[in-house]
Amino acid sequence: MDPIQRVASREVYRNNWMTVREDEIRRSDGSPGIYGVIDKPAYALVIAQDGDRFRLVEQFRYPLGERRWEFPQGTAPDLADVPPAELAVRELREETGLSAGSMVPLGKLDVAAGMSSQRGWVFLATDITEGEPEREHEEQDMRSAWFARADVEKMILAGDITDAQSIAAWAQLMLAERHRP
C-alpha cells in the first residue's frame, strides 16, 4: 500500500507548458490532507562536448529576473510526451544549432520531487557539427557559447551557473568520466 493515496484531484491551472493540480489525499494513518502538484512533461538536458569545450546557453529567466547560463534543456511544446533521446536531439539543435554524431545517456534527474512530477534525462553529445539554431519564440533572447572545462567549473563555483539541473548534470558527467572503463 502506498503511504499516501489520492482520494480526489482537481486541475487549478493549465498553460502550454504545465498544469497545476490540487489532490485530496489520505495518509497511511488515515488522516486527510492536500497536495499541490506541478505537472510538466519530461525534459532533456544536453551536455555538448567538443574536446575540452562545453556548450552553454544564456537566457533571461523571468521568475528570477536574471540572465542565467545553463546547459541546453527543455520539453516538447504543448505538453507533448516525446522520448528523451529524441527530445535531446531536438533541444540541442533548437537552442544551439548543434547536431551530435553521438548522444549518450548519463542519467535521470527529478526537478523538485516535493512539488513537481517532472523528470529529466541527461545526455552527453559528442562528435559535434555546427549549424544555425531553430529557437522558439520564447527563446529569442538566448545566447550560446563554448566554454572550457575549467571555465564551466569556475562559473559553477562563482554562482554564475546556478541552474540545479545543469549542476546536477555536471556531477553526473564527472562521475561517468571517473568510472569509465
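## Basis of the description

Helices (H or I, at least four residues) and strands (E, at least two) are DSSP runs, numbered from the N terminus. The structure is a predicted model, in which local features need pLDDT of at least 70 and side-chain atom pairs count only at pLDDT 80 or more, while totals for chains, interfaces and linings use all residues. Residues are numbered from 1 along each chain as its sequence is written, and side-chain values use heavy atoms, with hydrogens and water left out.

## The largest pocket

The largest pocket holds about 1300 Å³ of space. A pocket is an open set of points on a 1 Å grid over the protein atoms alone, where a 1.4 Å probe fits, with protein on both sides within 12 Å along at least five of seven lines; lining residues have an atom within 4 Å of a point. The volume is the space filled by probe spheres set on the points, which are joined across faces, edges and corners.

Its lining comprises 37 residues, with W17, K40, Q59, R61 and P63 nearest the centre. At least two lining residues come from each of β5, β6 (66–70), β7 (73–74), α1 (84–96) and α3 (164–178). Domain 1 (3–37) and domain 2 (41–177) each contribute at least three residues to this lining; the domain bounds come from an automatic or database domain assignment. The lining has 14 nonpolar, 10 polar and 13 charged residues, where Ala, Val, Leu, Ile, Met, Phe, Trp, Tyr, Cys and Pro count as nonpolar, Asp, Glu, Lys and Arg as charged, and the others, Gly among them, as polar.

## The second largest pocket

The second largest pocket has about 240 Å³ of space. Of its 14 lining residues, R21, D23, I25, Y35 and V37 are the closest to its centre. β1 (4–14), β2 (19–27) and β3 each provide at least two lining residues. This pocket lies between domain 1 (3–37) and domain 2 (41–177), because both give residues to its lining.

## D39 and its polar contacts

D39 belongs to strand β3 (residues 32–39). Its side chain makes polar contacts (N or O atoms within 3.5 Å, one able to donate a hydrogen and the other to accept it) with the side chain of R21 at 2.6 Å and with that of S117 at 2.7 Å.

## L56 in strand β5

L56 is part of strand β5 (residues 53–61). The C-alpha atoms of L56 and A145 are 5.7 Å apart, although 89 residues separate the two along the chain.
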